[in-house]
Amino acid sequence: MSREFEMSLMGELQFFLGLQIKQGPEGTFVHQAKYTRDILKKFDMGDSKSMTTPMSTNTALDIGRRWTEGISRDDRLTSYSTATGPDIQFAVRLCARYQASPRTSHRQAVKRIFRYLKFTPELGLWYSSGSSLFLRGFLDADHAGCRIDRKSTSGTCQLLGTSLVSWSSRKQASVSLSTTEAEYIAAASCCS
């Protein structure tokens with residue numbers, strides 16, 4: 001690369017676009033502990049109690065009264081925190097669906113995500129230097145999980161050896177009539 005580009009050696013990479021990187025002979029660990037602490041401080045959640053899961057399985061985000069007081073574009077949870085957090089991908093994406101018209105239930109869900117981040121600030125991604133080059137993929141879909149339009153949500157993850165290299169969670173474009181169809185749509189959209 002140095003033949004093609006002008007480069008300077010500034011030492012071992014430790015920070016890159018908000019990501020903290022720790023390199024060693026066994027592998028590389030990528031996390032966002034500093035970003036997590038900063039966002040908790042910004043939203044005055046540093047002293048809140050911790051939660052062990054980012055979202056309850058029986059959370060209903062589409063009901064309740066409108067929440068407008070004190071909200072601004074900067075006060076919304078962004079998907080930036082999912083760069084090293086596949087564990088919060090589903091919860092963040094679900095809350096993001098409602099950010100144009102947030103309700104009180106959405107505010108409570110975002111606060112729970114923050115409390116979970118407080119519980120897991122050092123959680124990140126481990127890329128082993130001895131990992132094999134065997135690619136595996138997993139996917140799942142709920143059936144009619146959205147209570148508003150009855151569309152399903154798909155989730156996928158791909159591992160190269162033991163290292164997670166890609167993940168996503170998204171609402172499907174069409175309504176499926178069965179769990180089998182929801183899984184088929186998830187597989188078709190993942191592989192296309």
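Biologist: Which residue forms a salt bridge with Lys34?

Modeller: Side chains of opposite charge can pair when their charged atoms come close. A salt bridge here is a side-chain nitrogen of Lys or Arg within 4 Å of a carboxyl oxygen of Asp or Glu. Lys34 pairs in this way with Asp38, the closest N and O atoms being 2.9 Å apart. The model is predicted: local features need pLDDT of at least 70, side-chain atom pairs count only at pLDDT 80 or more, and totals for chains, interfaces and linings use all residues. Residues are numbered from 1 along each chain as its sequence is written, and side-chain values use heavy atoms, with hydrogens and water left out.

Biologist: How many residues apart are Lys34 and Asp38 in helix α1?

Modeller: They are 4 residues apart in helix α1 (residues 33-42), so about one helical turn separates them. Helices (H or I, at least four residues) and strands (E, at least two) are DSSP runs, numbered from the N terminus. Lys34 is partly exposed at 41% relative accessibility, and Asp38 is partly exposed at 39%; the term covers values between buried (under 20% relative accessible area) and exposed (over 50%), with a 1.4 Å probe and protein chains only.

Biologist: Which residue forms a salt bridge with Arg37?

Modeller: Arg37 pairs with Glu122, with 3.8 Å between the closest N and O atoms. Arg37 lies in helix α1 and Glu122 in the loop between α3 (104-119) and β4 (124-128), so the pair ties together parts that are 85 residues apart in sequence.

Biologist: How many salt bridges does the structure hold?

Modeller: It holds 3, one of them joining Asp149 and Lys171 at 3.1 Å, N to O.
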